Amino acid sequence: MRRRAAAWLAAALLAPAAWAAGSAADIPARDQGEGPYARLVIRNAMVIDGTGAPMQGPFDLVVEGDRIAEVRAIGAPGAIDASRRAAPGEREIDATGFTVMPGFIDTHVHLHTLQDEQGVPPEYVLKLWLAHGVTSVREVGSRKPIEWLADVKRRSERNEIAAPRIQVFPFFGAIGEDVHDADAAREAVAQARRRGADGIKFIGAIPEDVLYAALDEAERLGMPTTMHHAQQVVAYADVLRTSSHGLDTMEHWYGLPEAMFVGRRLQDWPVEFVNTDEQMRFAQAGRLWRQAAEPGSARWNEVMDTLLARGFALSPTFTAYLASRDLMRMTNATWHTEYTLPALWDFYRPSRRHHGSYWFDWTTEQETDWKENYRLWMAFVNEYKNRGGLVGVGSDCGYIYNLYGFGYVQELELLREAGFSPLEVIHAATGAGARILGVDDEVGTVRVGRKADLVLVRGNPLANLRLLSGTGTIRLDDASDRVRRVGGVDYTIKDGIVYDARALREDVRAMVREAKAARGLPDGPMPVADDH
């Protein structure tokens with residue numbers, strides 16, 4: 001306990017200097033994962049390959065170094081032909097009874113640190129991602145300099161740290177100061193590229209000419225872009241307008257219903273509405289979709305057709321707002337007791353200072369509004385997918401009782417609720433996500449020559465996506481009449497390095513136990529209310 005606590009303190013003291021130097025030295029060196037191997041053989045695997053094809057197998061998968069070298073069919077279920085097996089490897093994993101998938105891709109993450117309001121060490125976040133099979137992420141903005149994130153990316157590429165591969169999309173407004181005109185906007189985008197950014201994430205109050213100049217410059221430089229269409233800009237920058245200026249992806253859903261208004265231009269806010277009051281803002285957001293065009297109407301189809309023609313991608317992040325329709329469910333989620341750090345729990349609790357902590361007096365009426373909001377929002381996303389549109393899996397964890405890694409699996413379940421078949425859910429998390437990130441020639445599918453990024457889990461996640469959650473699911477053992485907890489990713493493989501996902505989760509549980517002990521807290525659930 002003392003050793004890890006000392007490491008956290010050292011990280012907290014080092015971080016400001018490390019940030020200034022653009023160094024991610026405050027993330028400890030990799031202490032988990034074995035390999036890569038000259039020859040790793042995964043035997044008897046049933047495979048969901050990420051292309052949208054159904055499960056196939058059994059296969060022997062051969063990994064040489066960081067690449068998939070062979071996908072060898074060895075017969076049919078229950079009829080393996082031993083003569084067709086792959087030759088022995090330096091290491092072998094018996095995947096009998098497992099499902100093997102491409103490493104998962106999260107299109108919307110934030111790598112928080114001890115210096116952020118969440119108060120979490122980045123090691124905690126990175127290990128929770130890996131422990132849930134996430135091997136590639138798009139980091140879409142933080143308080144940290146681009147150089148710090150670029151160094152995390154480099155250390156991950158070299159596998160010096162236990163981390164997914166990372167794309168860096170800084171907040172446009174955080175690139176530099178005094179970006180008040182089109183010329184400065186263009187220079188800010190060019191500067192971000194020089195400093196190591198892969199793309200740009202737009203959010204907040206950006207003047208129209210500045211926004212469109214920045215989008216134009218990113219398009220000219222070949223830098224991908226995404227946007228949270230904040231309420232400060234949707235009057236002149238909904239998704240139809242921004243996509244016409246080259247925006248590639250939208251985060252969440254803001255800007256989409258506004259593009260489908262009929263008989264109004266602006267959202268119908270109450271006269272007392274103040275956008276910076278978060279309970280007001282999120283309460284009124286729950287009433288927005290019903291103001292848009294009806295599903296299947298002319299305007300609905302016009303907007304969808306236009307976005308499809310532009311190859312526009314959606315990163316819905318359904319899980320980011322799940323507490324708005326069921327606060328009790330999110331505050332009592334199974335994983336909080338063992339996996340949520342006390343500092344993060346403090347950040348989640350009702351507060352007028354913390355972003356997303358707007359539960360000052362959350363009511364049945366507001367939850368009912370949000371249930372209808374989800375119905376309409378999900379209808380659009382599902383139809384968009386049905387008509388060939390790109391939809392990825394983004395979790396946006398670290399806010400609103402949404403925990404890293406666990407929130408990713410919740411997002412998979414919410415896509416299922418929206419109407420995606422289980423296979424379409426896995427495709428969104430793998431092949432489609434890789435296309436959105438522009439890395440489908442390297443990851444997202446199980447294919448010879450691709451990076452050896454893989455997820456191995458016992459059982460069939462198509463039958464129960466909850467098997468992928470770190471806390472698994474419960475099942476009655478009829479033989480003993482006892483209730484068992486089963487599931488959780490068993491192995492995450494990134495660049496041919498085999499991570500024991502259970503060991504990663506135990507590392508995180510140890511961090512939580514130690515943090516609670518340091519505060520004199522018991523191991524049990526942490527209360528929301530002060531008068532519990």
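Please keep in mind that the model is predicted.

Let us begin with the rings. A pair of aromatic rings is described by how far apart the centres are and by the angle of the planes. The structure holds 30 aromatic pairs, and one of them joins Trp289 and Phe380, with 6.3 Å from centre to centre and 50° between the planes, a tilted arrangement. Trp289 belongs to the loop between helix H7 (278–285) and helix H8 (298–309), while Phe380 belongs to helix H13 (residues 364–386), so this pair ties together parts that lie 91 residues apart in sequence. Are these two partners buried or exposed? Trp289 has a relative accessible area of 2%, which is under the 20% limit, so Trp289 is buried. Phe380 is buried too, with a relative accessible area of 0%.

A second pair is made by Tyr358 and Trp359. Their ring centres are 4.2 Å apart and their planes meet at 35°, so this pair is tilted. Tyr358, at 0% relative accessibility, counts as buried, and Trp359 is buried with a relative accessible area of 7%.

For H8 and H13, the angle is about 45° and the axes are 11 Å apart, which makes H8 oblique to H13. The crossing in which H8 passes H13 is right-handed. Which residues make the contact? From H8 come Trp300, Asn301, Met304, Leu307 and Leu308, and from H13 come Leu376, Ala379, Phe380, Glu383 and Tyr384.

Arg352 lies over the face of Phe360, at 4.0 Å from the ring centre. Elsewhere, the charged end of Arg138 is placed over the ring of Phe169, 5.3 Å from its centre.

Where is Ser351 found? Its place is the loop between helix H12 (342–348) and H13. With a relative accessibility of 10%, Ser351 counts as buried. Leaving aside residues up to four places away in sequence, Ser351 touches Ser357 and Phe360.

Key
Residues are numbered from 1 along each chain as its sequence is written. This is a predicted model: local features need pLDDT of at least 70, side-chain atom pairs count only at pLDDT 80 or more; totals for chains, interfaces and linings use all residues. Side-chain values use heavy atoms; hydrogens and water are left out. Rings of Phe, Tyr and Trp (its six-membered ring) pair if their centres lie within 6.5 Å; planes under 30 degrees apart count as stacked, over 60 as edge-to-face and the rest as tilted. Helices (H or I, at least four residues) and strands (E, at least two) are DSSP runs, numbered from the N terminus. Buried means under 20% relative accessible area, exposed over 50%, partly exposed in between (1.4 Å probe, protein chains only). A charge sits over a ring if NZ of Lys or CZ of Arg is within 6 Å of the ring centre and within 35 degrees of the ring normal. Axes are lines fitted to C-alpha atoms, for helices over the stretch in contact, and angles run from 0 to 180 degrees between N-to-C directions. Angles under 35 degrees count as roughly parallel, over 145 as roughly antiparallel, 65 to 115 as roughly perpendicular and the rest as oblique. A crossing is left-handed if the near helix is turned anticlockwise from the far one by less than a right angle, and right-handed if clockwise. Contact means heavy atoms within 4.5 Å.
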